[in-house]
Amino acid sequence: MSMQLSNWIQLNNEIMVLKDGKYQFEKDREAARSYFVDYVNQNTVFFHDLREKIDYLIEHDYYEQELFDKYSFAEVKKLYEMVYQKKFRFPSFMSAFKFYNNYAMKTNDGTKFLERYEDRIAVVSLFLGNGDMKKAMEYAELFISQEYQPATPTFLNAGKKRRGELVSCFLLEIDDSMNSIGFAINSALQLSKIGGGVSLSLSKIRAADEQIKGLDGKASGVLPVMKLFEDCFSYANQLGQRDGSGVVYLNIFHADIHEFLDTKKINSDEKIRIKTLSLGVVAPNKFFELVEKDKDMYLFYPHTVYKEYGMHMDDMDITAMYDELVNNPNVRKKRVVARDLIIKIAQIQMESGYPYLMFVDNANEYHALKEIGRVKFSNLCSEIAQLSEVSSINDYGEEDVINRDISCNLGSLNIVNVMQNKRMKETVHRSMDALTEVSDRSDISIVPSVAKANRELHSVGLGAMNLHGFLALNKIAYESKEAIDFVRTFFMMLNFYSLERSMLIAKERGETFKDFEKSEYANGAYFERYMNTDYSPRTEKVAALFEGMDIPTHEDWVRLKEQVAQYGVYHAYRLAIAPTGSISYLQSSTASIAPITQKIEEREYGDSKTIYPMPFLNEDNFFYYKEAYDMDMFNLIDLVAEVQVHIDQAISTILYVKDDLTTRDLAMYYIYAQKKGLKTLYYTRTRKRTIDECVSCVV
Amino acid sequence: MNKFEAVNWNAPEADYTELLWTQNTSQFWLDTEIPISKDLKSWAKLSHNEKLTFMRVLGGLTLLDTEQGNVGMPMIAQHVADKQKKAILIFQAAMEEIHAKSYSTIFTTVASSEMINDTFEWVKEDKHLQYKTSRIDSYYKNIQDGGNLSLYQAMVASVFLESFLFYSGFFYPLYLAGQGKMVASGEIIKLIVRDESVHGVFVGLLAQEAFQQLNGAEQEAASRFVQDLLNDLYKNELEYTEKLYDPIGLTHEVKKYIRYNANKALMNLGLEPVFEEEEVNPVVLNGIRTQTTTHDFFSTKGQGYQKGKVEPLHDEDFELLNRRVLESNKLGI
């Protein structure tokens, strides 16, 4: 038997083989074609016509019968025809491969394809249309024109008879009790089983050496709890497809913070090493103040704080309470040097990429629901910033007190196509409708705290991708004032139209998110910056890009403010900029609002390896595709800060650094990001210089 | 009486020693950092022949790394005069031990005990594998005090081992990982490749210096030696490859890869390549570009992380930061 390499992988890898000193970009189209002709077409189940196909798929439990019952066959046919008439073609091997490898529905034995890209789009549209043919057609048009892309769980699962959940992102608080830890473990298992990424806040758990039942020194702290979760996530692996993913967040003032961070050190002991669980640190502004003044800082033992104040440490505004806690002799504490701690975080980030950082005070300061609840931690990709409340899990026979945890369903606009088709209002409105439909039809009953929050808050997270692609296409440098000018207007518009749609839904349904009247949307405080600042383009170049589009004016904002006060808002949270992994490949897009990391990417994914030249890459725009590692991270932070102004949740922001950087440089980025109002920083990526590069300068 | 000297890192021995020390130490890693258990599902899908090849190439690599860690690096280190260079060689020896152990970590995770025992038995019995190891070993054990030629020969043997002979073994895991199979094991192999490429460069530099110390006649003998050894090992390697890769139909691809790396080894020694340039399987070639590749953060570790350089914050850093915040906000950016 022979193990020949497939033709398309060979062709795709040949992009990198220089010919006359140039990369062979044309090989990629050849690879995509070969992949279709030699593989996809050969391995697709054949049907004579649409009716036969749909009947077969329903009969064999692939599609939901109820979904198709909502439409006449003529309607279904009309929608399929419209989608197919668009003659969509994947422009690169990577985009085609991503779709067929990860998204297309396959036969039960996994050997044959049952769907093309067009079919998946049609089914998702019918699902989201929920019987409304006009809406279904609008969604289909939106998807096939690649202006909006639902996040993976929705796009992958919608319409299937046997499917996972439509939302994938969950955040759970854990109380300082064995019942709560056990409940969280069960929830983590259940959510991993249905394909979710789970974030857990450990900040309430008592530290190592604290009291249990009044006995000193009995508690083991957060480390063993981390170990338990690590094992949970590797056990629950979605039918063997992929291990569950989890992150644990800890407040930086928690007494176990050093041990928490040490779990990711390269040289740490096997017993305490955490390999697959991600870490996040929640850092209030007080920490940064102590760092700047080069002061010592106190870490607190959370159980003693709780006993003293009847309130958990992470439910407090620690920045405001810090001096009080320091001066209270009943609060147990230990002293460390603040600057040493930030350097330690930087060092561990260089070694492992972790921890993520959450600037929790920034998140709460720019929080329209601040009178309703506190934001305490973020999620696995650090773009979520929503309020949460811990639940009390009691013994059998005693009622639990279920409060609100967090789930989020995400989707992203493709900036290039949105700017090209110039119907941003309609695009954003439809996108918000699609997300709302998912929220309305999700009920994560296995984790009641998540279901409750979804019922009461209807949170969604609309984001964007292909920013760098758009800038390069228009010959704008990522680190330029034009880039800043563009995002300032674009994301203001995204905010305006999403809020407008949320208000219209509230008006149509006569329903707002719970406690809307206590929010800053209701009292108008939210609109202050739009009353005082004009976010329309300031440079000619950017103004030209928006030609033919209506940019909301001051008057529009005044009107929206009044409408919101009158009708309310349906979604407690609307916007979040996710890192967009797989879906940006589907869309032949650069990821999120991030800069590219390689002009020609060599992508190692858990299940494949491919070469991916950036979208539109050619000799002309080669220069505008500057790689992230060659950029000044202060410039990146400036750009993200400009976007953050308009985003009610957070932005998944990755720092890209070269390996000659020191902990000092990295710490300065954290401090700058905190000062500029960012809510989170995702992980830090290092590009290792190759040995050729190193030695060639010397030998 | 002999005076003992301490290694003094404040006085550079050569302009590259500090650099290579930093490069070596900064890419330190341990096999236990990579979650190999992720490969279990992929392993179950490999055919019997594929599994057998995988086990044997890794078994072969284990033997070579054992030789290099136990004998090669320490022996050369004994006979190199400069203390910093010795330090680098000993560090490299330690890494070779980690490499040797990491194959076992892969074995233990995916294979049955019988299969593991069979593999180590096979290593002991395989003629070609034993031949190349003994050939290399003979030069390590032959280094004479003050014998420049014998030291040069040992270094050449070492470069051939690290930059040439390893690669018939690396090919298969890289080829699999390139197709999304045994990806975590592939990750380990890539970390090893990253190390071996530095080791090859370093010992290659030492060999070039040693060559300069030789007199005319010795240089001539040395050049002949390089050709002869290469030819002999190359022939052995072709047969070894046929035996390993015929059952899975990859022999031809691997042979090209061997020639490609033989050329690399010669270049490390400062010599001209002898084999014609050929197109090496691009999947494998892309696997060994030792830059950071884009990876899915949740799936694999990536080769990009390393020990960080620690430097404290200074008060003037905050002046700079505060000024930048002020200016960027003033501009409205």
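Start by selecting D176(A), which sits in the loop between β2 (169–173) and α10 (178–193) of chain A; helices (H or I, at least four residues) and strands (E, at least two) are DSSP runs numbered from the N terminus. This is a predicted model, in which local features need pLDDT of at least 70, side-chain atom pairs count only at pLDDT 80 or more, and totals for chains, interfaces and linings use all residues. Residues are numbered from 1 along each chain as its sequence is written, chains are lettered from A and ligands numbered from 1 in the order in which they are written, and side-chain values use heavy atoms, with hydrogens and water left out.

D176(A) is buried, with a relative accessible area of 16%, where buried means under 20%, exposed over 50% and partly exposed in between (1.4 Å probe, protein chains only). Show R206(A) next, since its side chain and that of D176(A) are joined by a polar contact of 3.0 Å, that is, a pair of N or O atoms within 3.5 Å, where within protein one must be able to donate a hydrogen and the other to accept it, and residues adjacent in sequence count only if both atoms are side-chain atoms.

Now move to C408(A), which is buried with a relative accessible area of 1%. Its sulfur lies 5.8 Å from the closest cysteine sulfur, in C169(A), too far for a bond, as a disulfide is a pair of cysteine sulfur atoms within 2.5 Å. By this rule there are zero disulfides over all chains.
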